[in-house]
Amino acid sequence: MDISEMFWNASIDELKQGYHEQEKQYVCLLCGQKVEKGIIYKKGDTLYEAERYTRLHIEREHQSVFRYLIQMDKKMTGLTEHQNGLLQCFYEGKSDRDIQQQMGIGSASTIRNHRFVLKEKERQAKVFLTLMELLKEKDEHAPAFVEYHKTATMVDERYNVTQEENNKLLEKYFPDGTDGKLKTFSMKEKSKLVVLREITKRFQIGTIYNEKEINQVLKAVYDDYVTLRRYLIEYGFLDRKEDGSEYWLK
């Protein structure tokens with residue numbers, strides 16, 4: 001299970017804490033970093049057991065789970081820009097007066113109304129989640145969808161891919177197996193998404209690559225590695241520095 005699947009399949013409590021506990025390790029749900037159990041980790045002059053070190057990692061690398069989630073694309077959170085800004089202000093503990101001045105909101109009653117709307121959204125989300133959980137127990141014909149990566153930059157119908165479709169497309173475009181060469185990149189955007197997702201498995205989470213290293217990995221996949229690299233960045237699988245000196249898996 002990759003980090004996006006792990007993220008979307010996590011419980012609310014796991015998402016709140018920001019990591020998933022496995023038999024031998026803790027996995028950060030935000031970036032995929034793994035912390036092995038049974039090892040004492042040193043940071044500065046302080047020693048940490050594995051779980052505490054995982055929480056420290058989240059604090060240092062992501063500030064907080066809230067900060068990470070609030071910065072996700074609005075198609076992931078379902079929040080408008082205005083609601084996003086309000087939640088950040090509430091989280092920072094700002095007074096209604098400070099929020100009024102910062103966001104140009106007319107009155108305290110307007111802020112209270114926004115709080116009510118957000119609370120209503122929370123209630124609706126709880127009911128919807130419960131309905132979906134109950135549905136899983138009854139809907140025997142529901143297809144298994146491939147989870148889209150949480151760094152996706154444009155979520156639309158292209159992501160409507162079942163596991164069966166995904167496997168057939170990989171067999172079609174990687175005739176020698178997914179570790180082999182890509183047959184062609186002339187395909188529909190939906191198929192490109194499936195192929196690009198598979199290509200990311202050739203990169204390691206947490207590893208920084210220079211341009212030459214990135215190109216070497218992609219050349220082993222397809223001759224037109226420049227096009228692959230561009231699409232991987234556009235779809236939010238890879239990120240890079242502006243000068244192209246460093247690349248990494250998002």
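Lysine 126 forms a salt bridge with glutamate 122, their closest N and O atoms lying 3.8 Å apart, where a salt bridge is a side-chain nitrogen of Lys or Arg within 4 Å of a carboxyl oxygen of Asp or Glu. Both residues belong to helix α8, 4 residues apart, which is about one turn of the helix; helices here are DSSP runs (H or I, at least four residues), as are strands (E, at least two), and they are numbered from the N terminus. An α-helix has 3.6 residues a turn, so residues three or four places apart point the same way. Lysine 126 is exposed, with a relative accessible area of 51%, whereas glutamate 122, at 33%, counts as partly exposed; buried means under 20% relative accessible area, exposed over 50%, and partly exposed in between (1.4 Å probe, protein chains only).

This is a predicted model, in which local features need pLDDT of at least 70 and side-chain atom pairs count only at pLDDT 80 or more, while totals for chains, interfaces and linings use all residues. Residues are numbered from 1 along each chain as its sequence is written, and side-chain values use heavy atoms, with hydrogens and water left out.

A search of the whole structure finds 17 salt bridges. In one of them, the side chains of arginine 115 and aspartate 96 meet at 3.3 Å, N to O. Arginine 115 lies in helix α8 and aspartate 96 in helix α7 (residues 96-103), so this pair ties together parts that are 19 residues apart in sequence.

Helix α8 also takes part in the largest pocket, to whose lining it gives the most, with 12 residues. A pocket is defined on a 1 Å grid over the protein atoms alone, as an open set of points where a 1.4 Å probe fits, with protein on both sides within 12 Å along at least five of seven lines, and lining residues have an atom within 4 Å of a point. Of the 43 residues that line the largest pocket, Trp8, Ile12, Leu15, Met76 and Leu129 lie nearest its centre.

Just after α12, glycine 236 takes a positive phi of about 85 degrees.
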